[in-house]
Amino acid sequence: MTTFYLLCVVLFLHMGIMASSADQLRPGFYAQTCPIAESVVRNVILKAMIIDPRSAASVMRFQFHDCFVNGCDASMLLDDTPNMLGEKLSLSNINSLRSYEVIDEAKEELEKLCPNVVSCADIIIMAARDAVFLSGGPNWEVKLGRKDSLTASQDDANSIMPSPRANASALINLFNRFNLSVQDLVALSGSHSIGNGRCFSIVFRLYNQSGTGKPDPAMDPDFRSKLDRLCPNGGDGNVTGDLDKTPRVFDNQYFKDLVGGRGFLNSDQSLYSGDERSREYVDKYSRDEGLFFEDFVEGMLKMGDLQSGRGGEVRENCRVVNGEKFNPIRLERIRD
Ligand code: HEM
Ligand SMILES: *[C@@H]1O[C@H](CO)[C@@H](O)[C@H](O)[C@H]1NC(C)=O
Ligand SMILES: *[C@@H]1O[C@H](CO)[C@@H](O)[C@H](O)[C@H]1NC(C)=O
Ligand SMILES: *[C@@H]1O[C@H](CO)[C@@H](O)[C@H](O)[C@H]1NC(C)=O
Ligand SMILES: *[C@@H]1O[C@H](CO)[C@@H](O)[C@H](O)[C@H]1NC(C)=O
């Protein structure tokens with residue numbers, strides 16, 4: 001009996017050690033097993049951007065939506081199943097996240113070249129880096145070696161992901177829960193230097209900011225009338241506008257726009273207009289693009305380190321866990 005108990009303890013400890021060593025992320029993780037991995041992903045992103053220039057922004061957004069919900073484990077790529085409501089239809093992701101097929105494409109190519117080796121979670125991390133670099137932003141070395149989750153949670157996504165209505169102090173608190181500083185929050189929000197947002201995400205601030213029945217006073221009047229025309233009250237919520245003045249170039253224009261009261265989302269503008277702590281960084285980045293790039297890379301690396309510690313697998317198909325039947329009908333429905 002005692003021997004059995006001891007054996008269990010030993011086994012348990014051993015498993016614990018294996019789990020943590022499997023979670024050791026490092027650059028060059030695939031140097032032996034799939035040396036071509038990073039160039040394959042970069043080429044797929046480049047091709048996708050030629051067909052759809054916005055896909056760079058859409059793909060780099062995946063890192064945020066993946067890493068914040070139970071760590072960077074590609075849980076957000078799982079399609080719903082009869083037993084599991086995944087993250088794709090959660091409040092922040094439904095009708096909003098797009099370009100899932102770009103990750104599928106990278107996965108398909110990698111499965112041909114190095115089957116069962118490169119995780120979907122690592123593809124998201126590489127793709128985000130490549131999207132930033134190919135849009136004119138910084139390049140950096142990513143840490144790899146993540147595993148893909150065996151499950152996903154719509155509830156977790158709903159409770160964690162911030163609303164575009166959020167103010168700076170709520171965002172500071174949220175990022176703090178992930179050990180991300182005010183600097184990280186502001187630098188990472190600079191990802192809104194590329195991409196688009198829907199009228200759905202801003203009509204409340206155009207017509208009824210914080211339930212006042214009035215527009216957000218922090219907006220530049222010309223910018224506001226432009227948005228009024230783009231997003232009339234009661235209009236089509238799926239119409240999109242640019243997140244900054246240069247939505248295909250990764251630069252510090254986003255911060256200049258915030259200083260000028262031309263932030264698209266309330267969560268953006270509030271970083272400048274709503275809180276001293278974040279305003280300081282917006283000011284700095286608006287004047288120093290090099291500093292923004294440096295702090296952005298630091299933030300992406302920290303965000304990329306978030307892990308659930310639950311262990312997992314390398315998925316063959318990013319949309320389903322291994323061994324589960326592929327459901328092409330569902331796939332079609334969620335594909336954009
Ligand atoms: C700080 C809290 C954040 C909030 C509240 C927020 C919210 C949003 C919202 C509402 C949109 C537009 C969605 C729509 O209208 O359909 C958006 C787009 C985007 N977000 Fe964020 N976001 C935040 C942080 C981040 C971070 C940390 C990243 C990446 C590092 C990121 C990357 C992006 C990108 C690239 C887009 C454009 C996507 C496209 O054009 O398809 N966001 N975000
Ligand atoms: C920010 O939002 C939170 C949560 O919605 C709210 O409780 C708080 O009063 C707001 N803070 C400011 C400064 O507006
Ligand atoms: C934040 O840091 C603390 C102290 O180092 C650590 O215990 C905690 O797990 C970290 N939280 C996250 C979400 O990484
Ligand atoms: C504005 O929002 C508040 C609070 O959500 C609501 O009570 C009010 O009816 C809204 N006003 C308009 C004009 O939509
Ligand atoms: C946007 O389009 C989707 C799909 O056609 C639709 O289900 C949704 O209701 C629309 N959303 C808004 C805010 O209009």
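How many helices and strands does the secondary structure of the protein come to? And which residues of helix α13 are buried, and what do they pack against?

Author: The secondary structure comes to 15 helices and two strands. Helices (H or I, at least four residues) and strands (E, at least two) are DSSP runs, numbered from the N terminus. This is a predicted model: local features need pLDDT of at least 70, side-chain atom pairs count only at pLDDT 80 or more, and totals for chains, interfaces and linings use all residues. Residues are numbered from 1 along each chain as its sequence is written, chains are lettered from A and ligands numbered from 1 in the order in which they are written, and side-chain values use heavy atoms, with hydrogens and water left out.

First, the setting. The protein has 336 residues, and 51% of them are buried. Buried means under 20% relative accessible area, exposed over 50%, and partly exposed in between (1.4 Å probe, protein chains only).

Now helix α13. It spans residues 276–287, twelve in number. From its first C-alpha to its last it reaches 17 Å, close to the 16 Å expected at 1.5 Å a residue. The expected span is 1.5 Å times one less than the number of residues.

The buried residues of α13 are S278, Y281, V282, Y285 and S286. Seen down the helix axis, they fall within an arc of 135 degrees, so they line one face of α13. That arc is taken from the directions from the helix axis to the C-beta atoms. The face turned away from the buried side carries the exposed residues E276 and R287.

What does the buried side meet? The buried residues of α13 pack against α7 (168–177), α8 (182–189), α11 (253–259), α12 (266–273) and α14 (289–304). Contact means heavy atoms within 4.5 Å.

One loop residue deserves a look here. N167 lies in the loop between α6 (154–160) and α7. N167 is partly exposed, with a relative accessible area of 38%. Leaving out residues up to four places away in sequence, N167 touches N266 and S270. The side chain of N167 also reaches the backbone nitrogen of A170 at 2.9 Å. That is a polar contact: a pair of N or O atoms within 3.5 Å, where within protein one must be able to donate a hydrogen and the other to accept it, and residues adjacent in sequence count only if both atoms are side-chain atoms.
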